[in-house]
Amino acid sequence: QVQLVESGGGLVQAGGSLRLSCTASGSIFSLLVMGWYRQAPGKQRELVADIRSSGRTNYPSSVKGRFTISRDNAKNTVYLQMNSLNAEDTAVYYCNGKVPVMGGNDYWGQGTQVTVSS
């Protein structure tokens, strides 16, 4: 079983930056595809970024060039550096870990609120 604990959310002005962290328990972190998702009020949860064990990353166009995902396998931690934040980035951000096989387990953190004031 893997438990994910996020930290680093908060209130920031438009144009500012935040860094989110997510630390995992257990011994399989390095094998997991780690991702950050977000959910704004009244909207579906959406992928913000993910990173494979190889280090390959993936971003949607809405955050590409502004957000950077990274991982430190020695610390069982994944990070999301968010720059040039705007009001549309306001959401609850969730950390996710997926075992990269068909039917593999899917783990979620409790979420951390990011609020961008304009």
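Arg66 sits in the loop between β6 (57-58) and β7. This is a predicted model. Arg66 counts as buried because its relative accessibility is 16%, and the cut-off for buried is under 20%.

Leaving out residues up to four places away in sequence, Arg66 touches Gln81, Met82, Asn83, Ser84, Leu85, Asn86 and Asp89. A polar atom of the Arg66 side chain lies 2.9 Å from the backbone oxygen of Ser84.

## Salt bridges

The structure holds three salt bridges. Arg66 pairs with Asp89, with the closest N and O atoms 2.8 Å apart. This pair links distant parts of the chain: Asp89 lies in the loop between β8 and β9, 23 residues from Arg66. Both Arg66 and Asp89 are buried. Shared partners join Arg38, Glu46, Arg66 and Asp89 into one network.

Arg38 also forms a salt bridge with Asp89, at 2.8 Å between the closest N and O atoms. Here strand β4 is linked to the loop between β8 and β9, across 51 residues. The remaining bridge joins Glu46 to Arg38, at 2.7 Å. Arg38 is buried at 6% relative accessible area, whereas Glu46 is partly exposed at 36%.

## The nonpolar core

The largest nonpolar core has 29 residues. Met34, Trp36, Val78, Leu80, Met82 and Tyr93 have the most contacts inside it. Elements that give two or more residues include β4 (33-39), β8 (77-82) and β9 (91-98). The largest share, four residues, comes from β3.

Met82 touches Arg66 as well as Gly16, Ser17, Leu18, Leu20, Phe67, Tyr93 and Val114, leaving aside neighbours within four places in sequence.

Definitions and conventions. Residues are numbered from 1 along each chain as its sequence is written. This is a predicted model: local features need pLDDT of at least 70, side-chain atom pairs count only at pLDDT 80 or more; totals for chains, interfaces and linings use all residues. Side-chain values use heavy atoms; hydrogens and water are left out. A nonpolar core is a set of buried Ala, Val, Leu, Ile, Met, Phe, Trp, Tyr and Cys residues joined through side-chain atoms within 4.5 Å. Buried means under 20% relative accessible area, exposed over 50%, partly exposed in between (1.4 Å probe, protein chains only). Contact means heavy atoms within 4.5 Å. A polar contact is a pair of N or O atoms within 3.5 Å; within protein, one must be able to donate a hydrogen and the other to accept it, and residues adjacent in sequence count only if both atoms are side-chain atoms. A salt bridge is a side-chain nitrogen of Lys or Arg within 4 Å of a carboxyl oxygen of Asp or Glu.
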